[in-house]
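I opened this notebook to keep track of what I looked up, one entry at a time.

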Protein chains: 2
Amino acid sequence: MQAIGRHVILEMWGCQNLESVETAERALREMVVALDVNLLDLRVYPFSPVGVTGIAIVSESHLVIHTWPEYGYAAVDLFTCGAVRDPQDAVNVLRRLFKPDRIGVMEINRGQMDLGEHTEVSTNTAPERARPRSRLARTPAYSA
Amino acid sequence: MQAIGRHVILEMWGCQNLESVETAERALREMVVALDVNLLDLRVYPFSPVGVTGIAIVSESHLVIHTWPEYGYAAVDLFTCGAVRDPQDAVNVLRRLFKPDRIGVMEINRGQMDLGEHTEVSTNTAPERARPRSRLARTPAYSA
């Protein structure tokens, strides 16, 4: 079975810095580097009284952080297709910046295919990053 | 067990209109109405040669669509906290606009808590929308 994308779902508890717009932005930027994905857009939205939503749109899909400082909780999603790096590299960024007491991790294969129908997709475990026009890691139709 | 948010993950195959920026935007706008959530920002990013990413940032978290027209596939995530409507109402929007042959649905509770530690959160199945300052459906710190 092969898939179009991998979706890593993180549940982080006992976190610090959850009220910080700057930390959310830094986490997204450092995860973009750690995952070696192509950043198209990055936005962080503060909430009142507390909490932050941050999103990085990347060619390979998206990274998103939602924080609830009142619970010490952050929900993070890393949805990538064609990214070659281990998502653990992004988790290390989150550990360093938010210092969670514990993290729950779940990974879902997105767009899982029956190979009998579709044979042209490369595996999501070892995609060939060298292909610049991979149909998985798509090229934006504009420059951001 | 209670949770901060609900995250509905949709896998849609055999879809139409996957190359359309307008359809992605319309789907996000109609799902915002169907879910009765508060829209803060909406962006759609076209890819070359094909494919669209669309995201709606809402007070209640986010809605996102990624399309791969070459596979007839779209990945949709509906992450909400404090939304009172049944996510099925949003799925009906997707069915109408993308006409998928089949949809796979999975729902994950995000921020699931041990009630012995945290008792102040309302259930995610029947949150009280009437609370304008609910700690779940957060108020943005700015007007968009």
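In which strand of chain A does A:Met113 lie? I found A:Met113 in strand S6 of chain A, which covers residues 102–113. I note here that the model is a predicted one.

**Entry: A:Met113**

I then took the distance from A:Met113 to A:Lys99, which is 14 residues away along the chain. Their C-alpha atoms are separated by 37 Å.

**Entry: chain A as a whole**

I listed the secondary structure of chain A and got two helices and seven strands. Starting at the N terminus, I read the order of the elements as β-α-β-β-β-β-α-β-β. Chain A has 144 residues, and 58% of them count as buried. I also looked at contacts in chain A with a separation of 6 or more. Residues 24 or more positions apart account for 66% of these contacts.

**Entry: the two helices of chain A**

At what angle do H1 and H2 of chain A pack? Helix H1 of chain A spans residues 21–35 and helix H2 of chain A spans residues 88–98. I read an angle of about 155° between them, with the axes 8 Å apart. An angle over 145 degrees counts as roughly antiparallel, so H1(A) is roughly antiparallel to H2(A). The crossing of H1(A) and H2(A) is right-handed.

I wrote down the residues that meet. From H1(A) they are A:Thr23, A:Ala24, A:Arg26, A:Ala27, A:Glu30, A:Met31, A:Ala34 and A:Leu35. From H2(A) they are A:Asp89, A:Ala90, A:Val93, A:Leu94, A:Arg96, A:Leu97 and A:Phe98. Sorted by class, the contact of H1(A) with H2(A) has ten nonpolar, one polar and four charged residues.

**Entry: the two helices of chain B**

Helix H1 (residues 21–35) of chain B packs on helix H2 (residues 88–98) of chain B at an angle of about 155°, and their axes are 8 Å apart. H1(B) is therefore roughly antiparallel to H2(B). I noted a right-handed crossing for H1(B) and H2(B). Among the residues that make the contact are B:Ala27 and B:Met31 of H1(B), and B:Val93 and B:Leu97 of H2(B). The contact of H1(B) with H2(B) divides into ten nonpolar, one polar and four charged residues.

**Entry: strand S4 of chain B**

Next I went to strand S4 of chain B, residues 61–68. Eight of its eight residues are buried, and S4(B) is mostly covered.

Which way does strand S3 of chain B run relative to S4(B), parallel or antiparallel? S3(B), residues 52–58, pairs with S4(B) in the antiparallel sense over seven bridges. In S4(B), B:Ile65 is the residue opposite B:Gly54. The link from S3(B) to S4(B) is a hairpin through two residues.

S4(B) also pairs with strand S5 of chain B, residues 73–80. This pairing is antiparallel too and has eight bridges. Here I found B:Thr67 opposite B:Ala74 in S5(B). S4(B) and S5(B) form a hairpin with four residues between them. In that turn, B:Gly72 has a positive phi of about 65°.

**Entry: strand S5 of chain B**

I looked at S5(B) in its own right. Eight of its eight residues are buried, so S5(B) is largely enclosed by the rest of the structure. In a regular strand, side chains alternate between the two faces of the sheet.

Strand S1 of chain B, residues 2–13, is joined to S5(B) by seven bridges, and the two run antiparallel. B:Glu11 sits opposite B:Ala75 of S5(B).

**Entry: B:Thr80**

Last, I picked one residue of S5(B). B:Thr80 is in strand S5 of chain B. Its relative accessibility is 6%, so B:Thr80 counts as buried. Which residues does B:Thr80 touch, not counting residues up to four places away in sequence? I listed B:Gly5, B:Arg6, B:Leu35, B:Val37, B:Glu60, B:Ser61 and B:Leu63.

Terms used: Residues are numbered from 1 along each chain as its sequence is written. Chains are lettered from A and ligands numbered from 1 in the order in which they are written. This is a predicted model: local features need pLDDT of at least 70, side-chain atom pairs count only at pLDDT 80 or more; totals for chains, interfaces and linings use all residues. Side-chain values use heavy atoms; hydrogens and water are left out. Axes are lines fitted to C-alpha atoms, for helices over the stretch in contact, and angles run from 0 to 180 degrees between N-to-C directions. Angles under 35 degrees count as roughly parallel, over 145 as roughly antiparallel, 65 to 115 as roughly perpendicular and the rest as oblique. A crossing is left-handed if the near helix is turned anticlockwise from the far one by less than a right angle, and right-handed if clockwise. Contact means heavy atoms within 4.5 Å. Ala, Val, Leu, Ile, Met, Phe, Trp, Tyr, Cys and Pro count as nonpolar, Asp, Glu, Lys and Arg as charged, and the others, Gly among them, as polar. Buried means under 20% relative accessible area, exposed over 50%, partly exposed in between (1.4 Å probe, protein chains only). Two strands pair if DSSP finds at least two bridges between them.
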